[in-house]
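Thanks for coming. Please have a look at the structure first.

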Amino acid sequence: MHDNFEDHDDSIEYEIEVETDADVQAIPDEGLVLARDMLPPQLPIIPLRPRPAFPGVIIPLTVNGKARVETIKQAMETPSQAIGLVMVLELDDDDATDNLQTVGVAAKILKLIHSEEESAHVLVNSLERFTVTAVKERNDIIFAEVEYHFDEERRDNAELQAYSMAIISTLKELVQINPLYSEEIKLFLGRSSMDDPARLTDFAANLTNADGFELQEVLETLDVRDRIDKVLILLKKELEVSRLQTKISQSIEEKISAQQREFFLREQFKAIKKELGLEKEGKVSEIEKFQQRLKKLTLNEEAQKAVDEEIEKLQLIEPSSPEYNVSRNYLDWLTILPWGKFSKDTYDLPRARRVLNRDHYGLDDVKERILEFIAVGKMKGDISGSILCLVGPPGVGKTSIGKSIADTLKRKFYRFSVGGMRDEAEIKGHRRTYIGAMPGKAIQAMKSAGTANPVLMLDEIDKIGASFQGDPASALLEVLDPEQNDAFRDNYLDVPFDLSNVLFIATANQLDPIPAPLLDRMEVIRLSGYILEEKLEIARRYLIPKSLKSHGLDKSKVSINKAALADIVNRYARESGVRGLENRIKKIMRKAAMKFAEGREDKIQVTKKDIEHYLGKPIFPEEELIKDSPGVVTGLAWTRMGGATLQIEATAMKSKSKGFKQTGQLGKVMVESSEIAYSYVMGHLDSYQIPEDYFDSHFIHLHVPAGATPKDGPSAGVTMTTALLSMIMKKTVRKNLGMTGELSLTGSVLPIGGVKEKTIASRRAGLDRLIFPHDNKKDYEDLPDYLSEGIEVYFVKEYPDVFKIAFDK
């Protein structure tokens, strides 16, 4: 059994009980001299790690470092040839004088086996314990003043003899489990007696694989009785570990034997089948399978050459070789891809219109754009090189529209998400040099689709990540660029594959996070969201039938009337999409299923008054956004979740000095808009009959509710200005009025974005009068009639126009 003791810089290594008979015979016989008569009161110290030495053990030491070699040489020149072996306090620290344990072992150098400038090999005999009383360092050599502790033989102590027998009994059990221990016990008996409890205890402790600090605790225990208690615990642990090791080894040997037997039987079975002609060799069968696949494919020249070379290579490799599986997997991928396999496109516009109307309600502008796209494909003969990007809030049907496009063209559809993807290799694959290498998502998608012209949807492209492993967005450029993807080279395949016939459709909630070079290659189609009427129709046509089916119900058992649906939309699901509405309907269906499972038989008819029973308290109280009080104005905002309405509140407090404060977790741009509004009002006091000293004696506070939600953007400028004027003049604005627009210091109203989303949000909130910047008039006129119907819109160029509209009742 061998335990290495190693230092870091000036390291000391030794192995326990490895001396041979020749080593022992080479030790000079110096007669009987007591250790206490030959050991000096001051010793040169050799630090040990990771465990201490014990008295009564002959140890081969490997000493590294000039200072430690010099220590050995100087010690050999002394009459006693003695050194001190002391374990360090901290294993990772250096051999400083303050990094030594207080108890060590004195040892005599028996033989210098080998010596160099930086290292030496010596044989030492450890003698007695000592306690360090003082430490000093001279010329990099550590010296210690020591006080020795000599164990007295207690052969006539019956209690200690009993404990000694317990140690001997445990050692016998260890020898039975691990025969290596027997050699060490023989060597011990050659120098000591089993009748000496102190020496036996030290030997037993030295024999274990215990932690160095546990062994140091044994070394520091001077009372033999206490020392035996600690060593018995360590021996019991050693015995348990040895038993466990034996059990594990036996289990592994049994498994290996079973596997070997199975292997030999399988090989014999293969040989018998081969002799009888019942089965071809596995390698031959694999190669024939690849060749059969190739007959149905049309590979390009470079790919065909790579396949031929790989098949030749596979024929020369033994199936037992690790390279065999690598080569076989590579050929499997090359021959399973749809080289030259195309599905026939269908450019039937009436059918395409029917499919889109069947699968989606509303979104007329999006459907029209898709039909135009198909019409161009019909005139051109193909739609290669096209990359669409569907942008809109969650739940508006981006993924389902992609499926509908594939259905109208009669192409295969495959979707994979790139959201959170951080490794370039997920797009372009791993090189075959890596274990477990495989192609990237693009090639995997082609394999799954089975044709070379599928519709591939890249979901959540705005959430793609980047890390030290590469930038997946940059890797997508080669996949999506029509000028490059006709010879896309995956890292795993390392041959060009034509992706130019693929119709790529990306989806995103917002465009800002998408890298500009990637966005430049895509044609953006916006899906703004649904208004109340559209949500009601979607629920009636799609969501309710789908939920009924998924919950094992039908329309003869559960119905939800129109008023109840409208209440769900207004008070529980105001988001732009319909995912929240679908979840609320599912909740109603779950409760209905519970009632039928408990024995109910008559039909459940859900009305408006039942909604709170099924869904709990409303998330959005009625008339939440319509507050008729001075200083409160409703603004229109755009978020990545779609359009939204928000109220801006202003109040003033009497103060000895002026001041202005904004709250509501506003972003930097929105804070700047509020400061512009504040400055504009201060600069135009006369225009609005406001006393000139008003701001000198008031502290103004501007707040945007829902403080937990971050808000930013410039389009609240006119709303903030109107809120300040309403508060100062103590006049309310016109009822059901919403406004949006960026304000300059000169009072110009600048254009904003998200006109459609903001219009949808205003309809949801019940606003029928809107103020937009004059430069957004064209955007508003492009909206479908069903969005603008019933809404009175004012287009303004300067803020005085806003003021007149807001306060002219």
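A residue counts as buried when its relative accessible area is under 20%, and as partly exposed between that and 50%. Keep in mind that this is a predicted model.

By that cut-off Tyr148 is buried, because its relative accessible area is 15%. Phe150 comes out at 26%, so Phe150 is partly exposed.

On to the rings. There are 15 aromatic pairs in the structure. Tyr148 and Phe150 make one of them: the ring centres are 5.8 Å apart and the planes sit at 25 degrees, so this pair is stacked. Tyr780 and Phe795 form an edge-to-face pair, with 5.8 Å from centre to centre and 65 degrees between the planes. That pair links distant parts of the chain, as Tyr780 belongs to helix 26, residues 777-781, and Phe795 to strand 25, residues 792-796. The two partners are 15 residues apart. Tyr780 is buried at 9% relative accessible area, while Phe795, at 23%, is partly exposed. There is also a cluster, in which ring pairs link Tyr680, Tyr688, Tyr799, Phe803 and Phe807.

Now the helices. The axes of helix 12, residues 349-359, and helix 14, residues 398-409, come within 9 Å and cross at roughly 150 degrees. Angles over 145 degrees count as roughly antiparallel, and helix 12 and helix 14 are therefore roughly antiparallel to each other. Their crossing is right-handed. Helix 12 contributes Arg351, Ala352, Val355, Leu356, Arg358 and Asp359 to the contact, and helix 14 contributes Ser404, Asp407 and Thr408. Sorted by class, this contact has four charged, three nonpolar and two polar residues.

Methods
Residues numbered from 1 in each chain as written. Predicted model: local features only at pLDDT ≥ 70, side-chain atom pairs only at ≥ 80, totals over all residues. Heavy atoms only, no water. Axes fitted to C-alpha atoms, helices over the stretch in contact; angles between N-to-C directions. Helix = DSSP H or I, 4+ residues; strand = E, 2+ residues; numbered from the N terminus. Parallel < 35°, antiparallel > 145°, perpendicular 65-115°, else oblique. Left-handed = near helix turned anticlockwise from the far one by under 90°. Contact = heavy atoms within 4.5 Å. Nonpolar A, V, L, I, M, F, W, Y, C, P; charged D, E, K, R; others polar. Phe/Tyr/Trp six-rings, centres within 6.5 Å; stacked < 30°, edge-to-face > 60°. Buried < 20%, exposed > 50% of the residue type's maximum accessible area, 1.4 Å probe, protein only.
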